[in-house]
Amino acid sequence: MDINKIKVLISDDSILVRKKLKDFIISLGCVEIFEAVDGQEAIDIYKDKKPDLVFMDIVMPKKTGVEALIEILAFDKNAKVVIASSVGTQAHLKTAIEAGAYDFLQKPIDNNQIQKIIANLTKEGK
């Protein structure tokens, strides 16, 4: 799968985190990126757009990243959801991994980790 053909959803209540992540993913060659500000919006966008990869914060309003992950996986068991966790949310992170997260990132997010996750996804062919 070519990176310029994958669809990515970024779900974080911080506009700065979304912008930084979006700008970096665009610099890698990905052109179809969607944004969500909370867990419920992430679920709704996922169901509508069916992205190939989701980057999701754990702590968000309306529905947490873990709640959204569980609902997305119930809708699509093959969903690739990467959970981002800041210091102090390790307990949530364990729950997310147990719930079926594709991978996890520690905040602040390192661009090399993003690049590696996207490279692995493109090698898998989705």
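The crossing of H1 and H5 is right-handed. In this predicted model, the two helices pack at an angle of about 50°, with their axes 11 Å apart. That angle makes H1 oblique to H5. H2 and H3 also cross in a right-handed sense, but they are roughly parallel to each other.

**Helix H1 against helix H5**

- From H1 (15-28), the residues that make the contact are Leu21, Phe24, Ile25 and Leu28.
- From H5 (111-124), the contact is made by Asn111, Ile114, Gln115 and Ile118.
- By class, this contact has 6 nonpolar, 2 polar and no charged residues.

**Helix H2 against helix H3**

- The axes of H2 and H3 come within 9 Å and cross at roughly 15°.
- Because angles under 35 degrees count as roughly parallel, H2 and H3 fall into that class.
- H2 contributes Gly39, Ala42, Ile43, Tyr46 and Lys47, while H3 contributes Ala68, Glu71, Ile72 and Phe75.
- The contact of H2 with H3 has 6 nonpolar, 1 polar and 2 charged residues.
- Phe75, in helix H3, is partly exposed, with a relative accessible area of 40%.
- Beyond residues up to four places away in sequence, Phe75 touches Tyr46, Lys47 and Lys50.
- Phe75 and Lys47 are 28 residues apart in sequence, and their C-alpha atoms are 7.6 Å apart in space.

**Nonpolar cores**

- In soluble globular proteins, nonpolar side chains tend to be buried together.
- The largest nonpolar core has 22 residues, of which Leu9, Met56, Leu69, Ile72, Val81 and Ile83 touch the most other members.
- Two or more residues of this core come from each of strand S2 (32-36), helix H2 (39-49), strand S3 (53-57), helix H3 (65-75), strand S4 (81-85) and helix H4 (90-99).
- H3 supplies the largest share of this core, 5 residues.
- A second, separate core of 18 residues includes Ile6, Ala84, Leu105 and Ile117.
- Val81 touches Val54, Met56, Leu69, Ile72, Ala101, Tyr102 and Asp103, with residues up to four places away in sequence not counted.

- Ala96 is found in helix H4 and is buried, with a relative accessible area of 0%.
- Apart from its neighbours within four places in sequence, Ala96 is in contact with Val66, Leu69, Ile83 and Ala101.
- Between the C-alpha atoms of Ala96 and Ile70 the distance is 8.5 Å, and the two residues are 26 residues apart in sequence.
- Asp12 sits in the loop between strand S1 (7-11) and helix H1.
- The relative accessible area of Asp12 is 3%, and the residue is therefore buried, since buried means under 20%.
- The contacts of Asp12, leaving aside neighbours within four places in sequence, are Val17, Arg18, Ala36, Val37, Asp57, Met60 and Lys107.

**Backbone features in loops**

- Most residues other than glycine have a negative phi, and most peptide bonds are trans.
- Lys50 is not a glycine, yet it has a positive phi of about 50°.
- Lys50 lies in the loop between H2 and S3 and counts as partly exposed, at 44% relative accessibility.
- Lys50 is also one of the residues that Phe75 touches.
- Lys62, another residue other than glycine, has a positive phi, near 65°.
- The position of Lys62 is in the loop between S3 and H3.
- At 72% relative accessibility, Lys62 counts as exposed, because the class begins over 50%.
- The peptide bond from Lys107 to Pro108 is cis, with omega near 0°.
- Pro108 is placed in the loop between strand S5 (103-106) and helix H5.

Definitions and conventions
Residues are numbered from 1 along each chain as its sequence is written. This is a predicted model: local features need pLDDT of at least 70, side-chain atom pairs count only at pLDDT 80 or more; totals for chains, interfaces and linings use all residues. Side-chain values use heavy atoms; hydrogens and water are left out. A nonpolar core is a set of buried Ala, Val, Leu, Ile, Met, Phe, Trp, Tyr and Cys residues joined through side-chain atoms within 4.5 Å. Buried means under 20% relative accessible area, exposed over 50%, partly exposed in between (1.4 Å probe, protein chains only). Helices (H or I, at least four residues) and strands (E, at least two) are DSSP runs, numbered from the N terminus. Contact means heavy atoms within 4.5 Å. Axes are lines fitted to C-alpha atoms, for helices over the stretch in contact, and angles run from 0 to 180 degrees between N-to-C directions. Angles under 35 degrees count as roughly parallel, over 145 as roughly antiparallel, 65 to 115 as roughly perpendicular and the rest as oblique. A crossing is left-handed if the near helix is turned anticlockwise from the far one by less than a right angle, and right-handed if clockwise. Ala, Val, Leu, Ile, Met, Phe, Trp, Tyr, Cys and Pro count as nonpolar, Asp, Glu, Lys and Arg as charged, and the others, Gly among them, as polar.
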